[in-house]
Amino acid sequence: MDLFSSDNKVDNNKFKVTDEVRDRIPDGLFLACPYCGTQIYNKQLGDYRVCPNCNYGFRLQARERVALFATDFVEMNADLTIDQTDFPGYQGKLDRAKKQTDMNESVLTGTGKIDGQEVALGIMDSYFMMGSLGSQTGEKITRLFEHATAHRLPVVLFTASGGARMQEGINSLMQMAKISGAVAAHQEAGLLYLVVLTDPTTGGVTASFAMQGDVTLAEPHALVGFAGARVIESTIHEKLPKDFQRVETLLENGFVDKIVPRQELAGIIGQIVAMHQQEVADV
Amino acid sequence: MFEFVKTIFKKDVNPAEVVKKSREDRFLARELINGLVSDFIEFHGDRLSADDTSVIGGIGRLKGRPVTIIAIDKGVDIHDKLSKRNGSPQPWGYRKAQRLMKQAAKFNRPIITLINTPGAFPGMEAEAQGQGEAIAQSILESMKLTVPMIAIIYGEGGSGGALALATADQVWMFENATYSILSPEGFASILWKDAKRSEEAAAIMGITPADLLEKHVIDQIIPEGRHHAKIFEGMQEKLVEEFDAMQALPKRELIESRRARYRAF
């Protein structure tokens with residue numbers, strides 16, 4: 001046997017996955033990390049659903065995230081309904097998203113404790129119409145800030161969004177201003193607003209409340225940007241570098257305070273909130 | 001006699017036609033600035049990185065009273081248009097606007113913004129310099145201003161790039177201007193994967209002044225005509241009247257009413 005013969009590579013002889021073998025592996029047992037491409041045995045992701053190779057956090061539904069990060073969660077506005085559905089086909093899409101996610105909109109809001117600290121908590125869900133910013137989304141986030149201002153609570157908001165809700169047209173755009181008004185009032189009350197950027201956060205959400213926090217954390221390798229990569233590429237007529245809109249680049253450019261692996265997030269959020277508990281004195 | 005448009009019957013408006021006209025150079029930024037204020041002095045730069053020429057800002061006198069005026073400019077000739085990316089501001093353009101807004105608040109000057117943009121520039125440098133953050137902070141800053149602000153959309157009001165300068169106490173639009181979440185072409189290509197259906201998109205998007213007045217997204221429609229001087233004169237009178245009324249309010253009340261304007265959506 002020739003040890004160095006070209007036929008003797010490990011991948012040629014032993015681990016080649018044929019179609020026949022692939023057919024015998026149940027779907028969903030192995031997942032490819034969307035960031036580094038590593039094939040991961042599903043159970044290896046653990047409760048936090050994090051790639052063991054690169055620490056990328058797989059996209060979570062809002063209810064999964066609440067279970068991971070918060071205790072004593074009391075949901076707010078779970079049944080809020082604003083009729084915005086004249087656009088053809090929109091109602092059907094909304095109904096499907098509601099069924100899939102067990103939510104009434106693309107954000108879950110309420111109060112609860114993270115690492116023992118009481119917070120007003122908002123979690124966007126990219127599985128609900130790509131986390132797009134509809135009127136109900138805007139209303140729930142605005143009410144979250146209003147509640148937090150009235151009860152002197154910090155706001156912790158996990159962002160995940162494809163941007164505007166096209167079907168709602170200009171009303172979607174107005175949500176950016178509406179939420180910003182509530183953020184301004186919360187800020188004036190001297191209260192902490194902590195943003196956690198998760199994969200993906202883009203468009204109108206990036207251009208409003210995702211970039212208005214006092215402290216901005218991010219999960220590793222989350223995609224965050226304003227314009228879509230394809231739009232930019234067609235504007236500049238070249239391919240974008242691989243990590244162009246990843247939070248590691250945003251950190252380098254000065255737009256993120258800290259990148260925190262999901263397993264450590266609750267602890268870090270708890271510490272930051274605790275350090276903001278002192279009342280800000282009136283000047 | 002100049003009068004603001006009270007009602008436009010939507011059946012009389014062809015949205016695709018309005019979209020087309022909104023992109024023509026019916027009014028130029030500098031013409032509007034000089035038509036509305038006298039003694040205009042331009043101020044440059046965001047004090048952080050650069051000066052974006054697609055955003056023109058400075059001070060001037062509106063019928064004698066000092067005001068801050070900020071305009072998005074698409075450019076005049078082809079070179080100008082290219083260098084201004086057809087009126088698509090860079091983050092440092094929005095940061096210049098923020099600086100001038102804060103300056104206006106310090107000196108108790110009302111603010112006029114003039115908007116004509118297909119949207120914030122989607123470039124590599126723009127992303128790296130935080131286009132999202134620049135727009136987000138412009139909106140937030142506008143929500144805190146202690147002076148009255150009137151935004152006037154005179155051509156295209158493209159999405160967040162327009163909203164960054166249109167989070168105001170009042171929003172006015174020219175008769176042939178548009179204001180929307182994205183262009184009809186973009187809308188058609190996202191929802192139907194076919195940019196050629198833009199006329200159809202324009203019709204259902206509700207992007208004309210008539211649609212937006214009905215939804216209270218805007219407050220006034222400015223009629224267009226060949227006699228620009230007459231239009232500007234009418235606008236000046238109305239601006240003075242509205243600014244006077246708003247400046248008579250306690251500052252807290254002004255801010256609260258601006259927030260309430262957007263809270264209603």
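Predicted model: local features only at pLDDT ≥ 70, side-chain atom pairs only at ≥ 80, totals over all residues.

User: How do you know what confidence chain B carries, residue by residue?

Analyst: The average pLDDT of chain B is 95, on a scale that runs from 0 to 100, and 97% of its residues score at least 70.

User: Why is helix 5 of chain A called roughly parallel to helix 6 of chain A?

Analyst: Helix 5 (residues 135–150) of chain A packs against helix 6 (residues 170–188) of chain A at an angle of about 5°, and their axes are 9 Å apart. Angles under 35 degrees count as roughly parallel, and therefore the pair is given that description.

User: What makes up the contact of helix 5 of chain A with helix 6 of chain A?

Analyst: On the side of helix 5 of chain A the residues include I141(A), F145(A) and T149(A), while helix 6 of chain A contributes, among them, Q175(A), I179(A) and H186(A). By residue class, this contact divides into 7 nonpolar, 8 polar and 2 charged residues.

User: Why is helix 6 of chain B called mostly covered?

Analyst: A residue counts as buried if 20 or more other C-beta atoms lie within 10 Å of its own, and 13 of the 14 residues in helix 6 of chain B are buried, so the helix is described as mostly covered.

User: What span does helix 6 of chain B reach, and what is expected of it?

Analyst: Helix 6 (residues 131–144) of chain B reaches 20 Å from its first C-alpha to its last, which is close to the 20 Å expected at 1.5 Å a residue.

User: What makes up the side of chain B that touches chain A?

Analyst: The contact takes 35 residues from chain B and 34 residues from chain A. Several elements of chain B each supply at least two residues of its side, including helix 7 (159–166), strand 7 (178–180) and helix 12 (251–263), but the largest share, 9 residues, comes from helix 6 of chain B. That side of chain B divides into 20 nonpolar, 9 polar and 6 charged residues.

User: What describes chain A as a whole, in elements, extent, burial and contacts?

Analyst: Chain A holds 10 helices and 9 strands, and its C-alpha trace spans about 80 × 50 × 40 Å along the principal axes. Of the 283 residues in chain A, 44% are buried. Among contacts in chain A with a separation of 6 or more, 68% are accounted for by residues 24 or more positions apart.

How values were computed
Residues numbered from 1 in each chain as written. Chains lettered and ligands numbered in written order. Helix = DSSP H or I, 4+ residues; strand = E, 2+ residues; numbered from the N terminus. Expected span 1.5 Å × (residues − 1). Buried ≥ 20, exposed ≤ 12 C-beta atoms within 10 Å, placed from the backbone. Axes fitted to C-alpha atoms, helices over the stretch in contact; angles between N-to-C directions. Parallel < 35°, antiparallel > 145°, perpendicular 65-115°, else oblique. Contact = placed C-beta atoms within 7 Å. Nonpolar A, V, L, I, M, F, W, Y, C, P; charged D, E, K, R; others polar. pLDDT = per-residue confidence, 0-100.
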